Amino acid sequence: MIRHMARTSSPGDPVSGHPSPVSGRWAEEKRTLAALFALHFFLLAFQYAVKSMRQSAFVDTLGAERLPMVFFMVAVASYPLLKLYGWWVGGFGLRRLLFWGALAVAAVLPGFGRWLATGSASASVVFYLVSALAGVLLVSAFWSHAARQLDPRQARRLFAVVGAGGILGSIAGGQLARLGSFWNGPVGTLGLASAALVAAAVVLRLSTRRGEIAPIRSPAPRPDTAAAPATAAAPATPKAPTWGDLGRALASPYLRMVAALMLLTALVAQIVDLQFAWVVEGHVAGLEARTAAFGNLYSVMGLAALAFQLLVTGRIHKRLGVGFALGVLPVANGLGAAAFLVAALLAPAWVWPVAWALKATENGLRYSLDQATRELLFVPVPEKERPLAKAFIDVFVQRSAKGVAAVVLSAVSFGLLSVPQTAVLALVAVGIWWGILGSVRRRYVASFRDGLLARAPLRPEAGAPRLDLRDGAELEDLVAGLGSADPREVRHSLDLLVDHGRGRLVPPVMLAHGDPGV
């Protein structure tokens, strides 16, 4: 689409030779896109460098079995932090918060590096909490900032490119952790992470001064968890959900099923995270080597997410539809959990490669195919309810799910469950997950059909979200809607088919329809 715009935009006024308004807007859009891409790259490079460091430092001092305790502390602290973040944005300004927040975190990282080098267990706990919460704050501020720089139509075209900057940043961040750990231990790793944050602040300041990213007025935050985004969906939420929003969202049976899917996804992800940390503890000795192991893992995860996004996601959506795409991740996780259990109990020599493959596949699929598919689940939600639904899922469910997962896995910290036995928990969760998928699929089709009667035609020029008619269920519903006894549904189906390039599917017999509007 970008190449098409470049070819069709007029290069300039044919008489004066001056740039046309269209070409000027296109040049400004390119500069804004480049600035957001670079900013996302450096923020994710920082995030994954410090993530490698905090995982290895905690495992080195306290052991992998105690990770659920710090998982729980991060989950509990995240939601109040996001509420405080909204207050900060209102009084301080989003762009300034992002700029000064990045510099403040960059300033304290070298001190944490020296503290961690002492081998202190308290240092590893404090650093884990501070770095995890700082990552939540900065990434949330970035996506709120990015949503203010692009209108909805631009966002749908360009957010996938901005997300790709984050994926590349996660790859780079893993390697910064590996190189820094061997160069100067924790001091080296966190020094490079600090440099990445300074680079992000410089990009933000220079791009603002040059006019490529305009200063933001009256910002409204969008707390989010986009650690490795790769979807084309634009943020649509101006505020964090409240407890009243929670009750309204749970009133929808369909959204309850979607929320259950998100909870199970987070639970299995935490189990896989714990299993890999346990394997690293048993197979890699020394803080520097463990940091390098985690760094290499995050780089491989980023490469896997990029490969899945470029080579797999579009093909599955086009040929097999949303229902099939939703089932890929639970099947992969179920096979991985079974392989991990067998290796841990019967073939210890295979635990290391199995854990590697399981972690890379789980994260690669979750941040590419599964995340892009989950965005499509919101298409049949009525347009007025969609922002609230996404806020509820993105903030409340994902944070709560991590807290629930930490409570379940605390059995490991208290010696009631071994790490290999958590594979059984994962298999049970995948079984429930698979059972819910059938209900989500049926409700997805039903919600889409019901929505045809209530919503206005989704015309692209209105900036409304486009449907993915490559999915057979949505296309089948539209064609079936042509035979409805309700003329409104027939007209809506006609509009949607034509607007999405499927007008050839409208049969000529529709010319004899009794309704003049049809």
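Core, charged pairs and surface

Author: The largest nonpolar core has 118 residues, and Leu43, Phe46, Leu67, Leu109 and Leu197 touch the most other members. Helix α8 (residues 253–283) gives this core its largest share, 16 residues. A nonpolar core is a set of buried Ala, Val, Leu, Ile, Met, Phe, Trp, Tyr and Cys residues joined through side-chain atoms within 4.5 Å. Buried means under 20% relative accessible area, exposed over 50%, and partly exposed in between (1.4 Å probe, protein chains only). Helices (H or I, at least four residues) and strands (E, at least two) are DSSP runs numbered from the N terminus.

The model is predicted: local features need pLDDT of at least 70, side-chain atom pairs count only at pLDDT 80 or more, and totals for chains, interfaces and linings use all residues. Residues are numbered from 1 along each chain as its sequence is written, and side-chain values use heavy atoms, with hydrogens and water left out.

The whole protein gives the setting. Its secondary structure comes to 15 helices and zero strands, and 53% of its 518 residues count as buried. Among contacts (heavy atoms within 4.5 Å) between residues at least 6 apart in sequence, 82% join residues at least 24 apart.

Not counting residues up to four places away in sequence, Leu197 touches Leu43, Phe46, Ala102, Val105, Ala106, Leu109 and Leu138.

Helix α5 (residues 121–149) can be described as a whole. Its 29 residues reach 42 Å from the first C-alpha to the last, close to the 42 Å expected at 1.5 Å a residue; the expected span is 1.5 Å times one less than the number of residues. Helix α5 is mostly covered, with 22 of its 29 residues buried.

Now the charged pairs. A salt bridge is a side-chain nitrogen of Lys or Arg within 4 Å of a carboxyl oxygen of Asp or Glu, and a search of the whole structure finds three. In one of them Asp60 pairs with Arg290, the closest N and O atoms being 2.8 Å apart. Asp60 lies in helix α2 (residues 21–62) and Arg290 in helix α9 (residues 287–319), so this bridge ties together parts that are 230 residues apart in sequence. Asp60 is partly exposed at 34% relative accessible area, whereas Arg290 counts as buried at 10%.

Val59 is also in helix α2, and it counts as buried at 2% relative accessibility. Leaving aside neighbours within four places in sequence, Val59 is in contact with Ala64, Leu67, Ala277, Glu281 and Arg290. Val59 and Ser124 are 65 residues apart in sequence, with 8.8 Å between their C-alpha atoms.

Another salt bridge joins the side chains of Lys359 and Asp273 (3.3 Å, N to O). This pair links distant parts of the chain, with Lys359 in helix α11 (residues 351–376) and Asp273 in helix α8, 86 residues apart. Lys359 counts as buried at 4% relative accessibility, and Asp273 is buried at 9%.

Helix α8 also holds Gln270, which counts as buried at 11% relative accessibility. Gln270 touches Phe71, Lys402, Ala405 and Leu409, not counting residues up to four places away in sequence.

The remaining pair is Arg366 with Glu362, whose closest N and O atoms are 2.6 Å apart. These two residues are separated by about one helical turn because they are four residues apart in helix α11. Both ends are covered: Arg366 counts as buried at 13% relative accessibility and Glu362 at 1%.

Last, the surface. The protein exposes about 21700 Å², and carbon and sulfur atoms supply 65% of it; accessible areas come from the Shrake-Rupley method with a 1.4 Å probe, and for residues only the protein chains shown count as cover. Phe72, Val76 and Val407 form a nonpolar surface patch with about 260 Å² of accessible area together. Patches are made of residues with over 30% relative accessible area and no salt bridge, with like charges joined within 9 Å and nonpolar side chains (Val, Leu, Ile, Met, Phe, Trp, Tyr) within 5 Å. Phe72 is found in helix α3 (residues 67–92) and is partly exposed, with a relative accessible area of 38%.
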